[in-house]
Amino acid sequence: MSDDGARHESLRSLLGVWALDACPRREAAEVAQHLALCPECAREATRLRDAAARLSADDPLDPPGSLRQQVLDWCLARRPAELPVPSWAAPYATETAKLDALLRDLGPEEWQEVAELPWHGGVQRWRPAQVLCHLAAVDGLLAPALGLPDPVPGAPAPLTAPSRAPSRSEPGPVARPPRSGGPLGVLERSERLMADRAGSEPAAVRWMWRRQSHALVQGAALRADGGAPVDFGFATVPLRDAFLDRAFECWIHGDDIARAVDYPYSPPKPKHLRSMIDLAARTLPLALAALRQPQPEPVGFGGPPPRGRVVRMVADGPGGGEWLIPLDGPESPPDDTDPVASMVLDGLDFCRLAAAHEQPEHVLVGEFGDRAAIREVLRAAPLLSRP
Amino acid sequence: MAAAAASGPRRAVPSAAPSGTRSGGPSWDELIQWRLARGEETALGELYDRFAPLVHGLAGCILDDRMAAQQLTREVFAHLWEHPDSFDPTQGSLRSWLGALTRHRALDRLRTLHADDRELRARAGAARAQSAVAALPDPLRETLAVTYFDGRTYQETALRLGISEQDTKQRIRLGLQLLADQLGDGGQGEEEDDGGGVLRGEDEQPDANPAAGRPPEAGSSEARVCAERTSPTHTGPGRRETGLARPARPHREPAHTEFRHPGLGPTESGPTESGRTDAAGAGT
């Protein structure tokens with residue numbers, strides 16, 4: 001190519017950025033000179049300038065978060081789904097969509113912020129993409145039940161890794177009492193996936209997580225048996241509870257990310273919140289058992305340990321309700337058992353408590369009856385948390 | 001014509017999953033259409049997640065009314081949910097089709113509200129530009145947005161997006177060329193859709209490059225050329241429903257995308273953006 005030809009090509013490649021006024025001054029001047037001499041480039045330059053002039057600076061509205069459900073409801077009212085999402089997977093579908101909408105708005109700097117994820121054993125400090133790896137790694141435990149691949153490289157599923165440090169024991173919702181199986185890899189899986197994705201763009205990590213969450217919901221809609229067992233390592237739970245657990249964690253960690261980047265983040269819709277509270281309430285007896293393990297004798301009591309006590313818990317606010325919590329073992333006491341105490345607290349507070357995002361002493365609780373029993377419940381709730 | 005596409009004769013949607021007419025298997029567009037046709041609620045959710053920013057953003061730009069934009073968003077998605085076969089994947093991408101459908105409906109609504117012909121024409125012209133921008137492939141739209149609305153030089157844009165200066169120049173030039181193609185000679189007042197109001201076919205092609213390491217669904221930034229107008233002091237008041245002011249929203253993480261287009265370099269023919277990138281993403 002002649003020098004002139006090369007120069008023509010090089011200036012021609014600048015026409016787009018020139019039309020956008022995105023050239024440094026010197027290059028812009030060279031382009032201007034060239035345009036006076038080259039009709040071909042001048043024609044293109046005019047055309048691109050005109051196109052650039054049509055770019056509008058109007059700021060479009062982001063779809064509000066509530067619109068998604070409205071649109072789905074509107075559509076489904078007109079044509080019911082032949083293959084609906086099971087009700088137990090709906091909270092997960094909604095929470096993952098909500099988190100994804102938040103992620104869509106994160107800029108490069110915000111992807112570098114560090115979110116704090118408290119749990120009863122400490123605080124994890126992760127960037128948003130690492131939080132997504134964590135979510136995806138644990139969500140991945142549901143994959144085998146739906147015939148989907150595990151995202152964690154080289155992870156046996158179900159996981160049977162040995163326990164790590166005792167301080168990392170994870171009762172988790174639906175847990176067997178901790179210390180029996182140990183922490184099993186929730187953290188280990190997460191860290192492995194983080195390491196695997198360390199070099200990836202946040203957008204790619206987001207896509208990996210989103211792709212799997214879509215696939216899980218689709219799997220639930222197409223072939224799921226809500227009773228299929230899911231092995232969390234520390235516990236085996238029915239798929240329907242596993243989905244609720246994942247919805248809960250997606251909400252809590254979505255909120256962790258939102259706090260880190262100072263964005264607002266709404267709580268689950270009441271119906272979903274209620275099922276999450278229900279899961280935590282149903283799981284509380286296991287946490288209570290865990291709480292009692294180190295000190296089998298209740299302090300301050302002579303005589304035999306109490307049996308069959310029940311505390312009535314009233315969760316206030318949207319999604320609230322009433323639950324009877326067996327204190328002295330997971331077995332449900334007879335229906336006519338009189339509660340030894342009643343406690344009233346905000347449903348969201350209860351969830352934050354169960355996620356160890358709130359201290360028992362900071363939660364406003366209405367108490368009636370045996371206060372020691374209520375203290376026990378409040379102290380046990382954070383043990384449901386995991387990283 | 002987009003109007004014809006939206007209301008044209010119903011095509012039969014095959015009862016078996018689409019196998020794809022090209023070597024790469026069915027595209028995302030074809031798959032989602034098939035899933036919609038067989039009534040998968042999850043397909044509806046995925047459709048919304050991918051295209052709500054496009055549809056809602058476009059509706060908002062044209063109608064300039066929050067409630068009306070939401071209503072129109074409901075209607076557009078309901079239309080496809082109720083008539084999945086009204087979209088013809090052989091005629092262009094689903095993104096383009098939804099953009100055109102949204103624009104048509106928005107302008108129809110505007111017509112019933114505005115007696116003032118001049119304003120209608122002005123908005124229609126703006127709408128055309130908006131939907132042409134909205135239908136640009138993500139990397140092009142993003143590069144345009146960062147450069148134009150942040151008033152950067154292309155060197156700064158390249159740095160910010162983590163792509164080469166050469167790619168930056170190419171993307172901007174190609175983006176503007178595509179816009180010019182779409183906006184044609186119609187000029188500002190043009191109201192009628194010539195069927196090319198949004199980009200067709202080739203618009204999704206660049207992302208078809210399997211080397212593209214980006215999520216196809218970075219569709220996230222639909223219509224963002226008009227959204228991404230940020231300046232260091234821009235606090236985006238009222239962006240959120242809560243009305244909370246937020247700090248300036250920086251741009252999304254860029255993609256390191258090897259970018260090719262028929263007009264600007266070697267290209268690969270293949271299924272649309274999404275199908276291919278999905279396939280590529282499966283291994284990750």
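Helices here are DSSP runs of H or I with at least four residues, strands are DSSP runs of E with at least two, and both are numbered from the N terminus. The model is a predicted one: local features need pLDDT of at least 70, side-chain atom pairs count only at pLDDT 80 or more, and totals for chains, interfaces and linings use all residues. Residues are numbered from 1 along each chain as its sequence is written, while chains are lettered from A and ligands numbered from 1 in the order in which they are written.

Start with chain B. It has 11 helices and 0 strands. Along the sequence the pattern reads α-α-α-α-α-α-α-α-α-α-α. Of its 284 residues, 56% count as buried. A residue is buried if 20 or more other C-beta atoms lie within 10 Å of its own, exposed if 12 or fewer, and partly exposed in between, with C-beta atoms placed from the backbone. Contacts can be sorted by sequence distance. Two residues are in contact if their C-beta atoms, placed from the backbone, lie within 7 Å. Among contacts in chain B between residues at least 6 apart in sequence, 76% join residues at least 24 apart.

UniProt annotates chain B in an unreviewed entry. UniProt positions are given in the numbering used here, feature names are shortened, and annotations may be inferred rather than shown by experiment. The record lists residues 47-112 of chain B as "domain: RNA polymerase sigma-70 region". That span is 80% helix and 0% strand, and its end C-alpha atoms lie 29 Å apart. The record also lists residues 129-178 of chain B as "domain: RNA polymerase sigma factor 70 region 4 type". Residues 129-178 of chain B are 80% helix and 0% strand, with end C-alpha atoms 11 Å apart.

Now take helix H7 (residues 138-149) of chain B. The expected span of a helix is 1.5 Å times one less than its number of residues. For the 12 residues of H7(B) that gives 16 Å, and the end C-alpha atoms are 16 Å apart, which agrees. H7(B) is mostly covered, with 12 of its 12 residues buried. Among them are Leu140(B), Arg141(B), Glu142(B) and Phe149(B). Gly151(B) follows H7(B) and has a positive phi, near 60 degrees.

Turn to chain A. Helix H10 (residues 202-223) of chain A has 22 residues and reaches 31 Å from its first C-alpha to its last, close to the 32 Å expected. H10(A) is mostly covered too: 18 of its 22 residues are buried.

Chain A also holds paired strands. Two strands pair if DSSP finds at least two bridges between them. Strands E1 (residues 115-119) and E2 (residues 122-126) of chain A run antiparallel, joined by 5 bridges. A hairpin of 2 residues links E1(A) to E2(A). Pro118(A) has Val123(A) in E2(A) as its bridge partner.
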